[in-house]
Amino acid sequence: IFLIFANLIPLAGVLFSDWNLGDVMVLFWAESAVIGFYNVLKLFVVSKFGALFAAPFFIGHYGGFMAGHFLFIYYMFVRGFESSISQEGPVLTSLANLFGPLRWALLALFISHGISFVVNFLGRKEYIGMTTQKLMSDPYQRIILMHVTIIFGGWLVMLLKAPILALALLILLKTGADLSAHQKQHATPQKA
């Protein structure tokens, strides 16, 4: 329920706060970072001291993937290919302007994934039988599905040139993909 609620916050942003395609794409990108954060916590639960080696490798690899995806989103949906670099301000100011309006939605996504971590991974003991290798690869399956959904959805928004309706459709598509992935991931507890 909280997953659906957290995913519908962008819809409220589009309808009531004039969020644009770039805002929605950056928010969905940031959710990948949240998933990575909780995956590092999972590594420490499962791998214990082994996470001292596995976590930095995961952060570096996953971080590189995230950086590449952010550049794509930034130049495709936020900045646009036609705008010039001279129009941009200092980096920290630009990032604050980009992420500031999204802070409550980011907080909701962080809480949603935190609830899933506590309830499912710890509470339902999904860590039992989990391996470091599986944790190192698991986030990519969900992230790739989400990224494909939002990228093609973003192109659809640009093609339709009907921002509010197309953004609402993008948010609903992403919510459906996210819910489906969440249900598959937590369908049955891991067995030892």
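Just after α2, Lys-48 takes a positive phi of about 55°. Helices here are DSSP runs of H or I with at least four residues, numbered from the N terminus. The model is predicted, so local features need pLDDT of at least 70 and side-chain atom pairs pLDDT 80 or more, while totals for chains, interfaces and linings use all residues. Residues are numbered from 1 along each chain as its sequence is written, and side-chain values use heavy atoms, without hydrogens or water.

Helix α2 covers residues 21-47. Its 27 residues reach 39 Å from first to last C-alpha, close to the 39 Å expected at 1.5 Å a residue. The expected span is 1.5 Å times one less than the number of residues. At the start of α2, a side-chain oxygen of Asn-20 comes to within 3.0 Å of the backbone nitrogen of Gly-22. Of the 27 residues in α2, 21 are buried (under 20% relative accessible area, 1.4 Å probe, protein chains only).

Helix α3 (residues 51-78) spans only 35 Å between its end C-alpha atoms. A straight helix of 28 residues would span 40 Å. Buried residues of α3 include Phe-58, Tyr-62, Met-66, His-69, Phe-70 and Ile-73.

A nonpolar surface patch includes Phe-2, Phe-5, Trp-104 and Leu-107, and its residues together have about 800 Å² of accessible area. Patch residues have over 30% relative accessible area and no salt bridge, with nonpolar side chains joined within 5 Å. A salt bridge places a Lys or Arg side-chain nitrogen within 4 Å of an Asp or Glu carboxyl oxygen. Helix α5 gives the most, seven residues. Phe-5 lies in α1 and is partly exposed, at 47% relative accessible area (partly exposed: between 20% and 50%).

Note on methods:
Patches are made of residues with over 30% relative accessible area and no salt bridge: like charges are joined within 9 Å, nonpolar side chains (Val, Leu, Ile, Met, Phe, Trp, Tyr) within 5 Å. Accessible areas come from the Shrake-Rupley method with a 1.4 Å probe; for residues, only the protein chains shown count as cover. Helices (H or I, at least four residues) and strands (E, at least two) are DSSP runs, numbered from the N terminus. A polar contact is a pair of N or O atoms within 3.5 Å; within protein, one must be able to donate a hydrogen and the other to accept it, and residues adjacent in sequence count only if both atoms are side-chain atoms.
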